[in-house]
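Visitor: I would like to learn how to read a few features of a protein model, one at a time.
Guide: Then let us look at it together.

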Amino acid sequence: MGKPIALASVSDKTGIAEFCAGLIARGWGIVSTGGTMKTLREAGLEVRGVSELTGHPEMLEGRVKTLHPTVHAGILARRPVAADVAQLTAHGIAPIDLVVVNLYPFRETIAREGVQLGEALEQIDIGGPTLLRAAAKNHPSVWPVCDPADYERVLAALDAGDSVREPDLRRELAAAVFRHTASYDAAITDYLSRAEPADGSAFTFPDEAVASLVRVQTLRYGENPDQGAAFFRNESGPPRGIPALRQLHGKALSFNNILDVDGALTAIAPFVARERPACAILKHSTPCGLAIGTTSLEAYERALACDPVSAFGSVLAFTEPVTRTLAEALSRNFVECVVAPGYSDGALGVLREKQSLRILEPEGGAALDAAGHLRDGVEIRGVRGGVLVQTAPRPARDVDREARVPTERAPTDAEWDDLAFAWSAIQSVKSNAILLARDGASVGIGAGQMSRVDSVELSIRKARAQGLDVAGAVLSSDAFFPFRDGVDAAAAAGVTAIVQPGGSRRDEEVIAAADEHDMAMVFTGRRLFRH
């Protein structure tokens, strides 16, 4: 049947001229299309246009080039099946023995801000996936190649002529093709689905869900050394959350570092773009201290005072750039990671003296955008054997002073301010969550307990262990009080006001307890569980 034929049609031209030159040197003929053909000819290579093969010109400004029986019969014909080969011969169709294709840059296009639908649609590749899937389906006879990183491997395999190992490589390349096209289709699905309502009450989940994920890094291990792990990001649209950060210094992020940084972004999100700078200190993905201050240094010192023992080996997040003075304060403690919207030169000099410290900032030095992490859409959480999908939570903002006050006493102005801070801060604390606050800083945090009264008592004990006075503090609870015992415990410690969702069958009992202790209570009507 003559020399073997390779069909080349690539969007990413990296290495394609060298690859095709290598094929030609090994006795192959090259058929190509459009821009790829131009690139190859400019490199001095002898290439036939696909129109010469099909007898039809490219149509619709290049939308139709390879969708033709001559092309696809040449790819799909099974070489060991005599009837398939006979049909090729009868119709004068040459077999195509290698397909090298990568796809239109759809994902790169939609990653740009302000891209219009029409522009995005033009970057949906039709012929490319069809060629790749055909070659991958028939990989025992046809080489399917979609990644420039595989060019050298294919040439080496052709030289080796290893009939034992070659089928395994072909199958590996076929799997890579279907993974690549599935990811590509997932990105398109995600983009076209964004018009669906993002409001949790109106959002409808499809019967089938797909995700387009690309590996950011292979991790040394998972939560524990005996667990393998990798970090993937959502490939469709601009990077969000942790993938939108760049690392300026330090060891590579670990599995647990990434979880803690995610918690730090969640904790700091409600305080972005506020008048006063904020600091969140995270350990095991839940805060051990949060505060606002007149400066970032003051916010850090006040957050640290909440639980300096737990802050050992923590992750810190700031809403404003880190100064040299703040960096000097941070360097006196063992910190795993720092996330901030920038660092002064002096600050970087100080922090880089800590070889292991991971220093992170948003790409391009942008602000830590709350909408960039806690955005409309969905979030996915893995469980054994499946995934849970839910609409992303909205950042808990200031408590509206028009919120329901069911108690006889309304909060004072100072209590309103602290309740607002405490309600914003509680969202990032693991449930059952209780946070005590005074003057814009956490003074005690009770997280992850099996009963709410235990969380209340833990928050009080934590505060007292640091010599912090609970008297006059306010309390935030991520969910309602099922019994009055939590209110009684808080009152006994000197707490004067509470903010909570309300909604318990025993609300009247809980309200009565607050009234007995002359406490103010605010109902938000919104639960903030974080499991």
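Visitor: Is Asn432 buried or exposed?

Guide: A residue is called buried under 20% relative accessible area, exposed over 50% and partly exposed in between, using a 1.4 Å probe and protein chains only. Asn432 has a relative accessible area of 14%, so Asn432 is buried. This is a predicted model, in which local features need pLDDT of at least 70, side-chain atom pairs count only at pLDDT 80 or more, and totals for chains, interfaces and linings use all residues. Residues are numbered from 1 along each chain as its sequence is written, and side-chain values use heavy atoms, with hydrogens and water left out.

Visitor: Which residues is Asn432 in contact with, beyond its neighbours within four places in sequence?

Guide: Contact means heavy atoms within 4.5 Å, and the partners of Asn432 include Gly446, Gln449, Arg452, Asp478 and Phe529.

Visitor: How do I describe helix H9 and helix H10?

Guide: Two packed helices are described by the angle between their axes and the distance between the axes. Helices are DSSP runs of H or I with at least four residues, numbered from the N terminus, and axes are lines fitted to C-alpha atoms, for helices over the stretch in contact, with angles running from 0 to 180 degrees between N-to-C directions. Here the axes of H9 (residues 151–160) and H10 (residues 166–193) come within 11 Å and cross at roughly 155°. That makes H9 roughly antiparallel to H10, a label for angles over 145 degrees.

Visitor: Which residues meet there?

Guide: Arg153, Val154 and Ala157 in H9 meet residues of H10, among them Leu169 and Leu173.

Note on methods: Helices (H or I, at least four residues) and strands (E, at least two) are DSSP runs, numbered from the N terminus. Angles under 35 degrees count as roughly parallel, over 145 as roughly antiparallel, 65 to 115 as roughly perpendicular and the rest as oblique.
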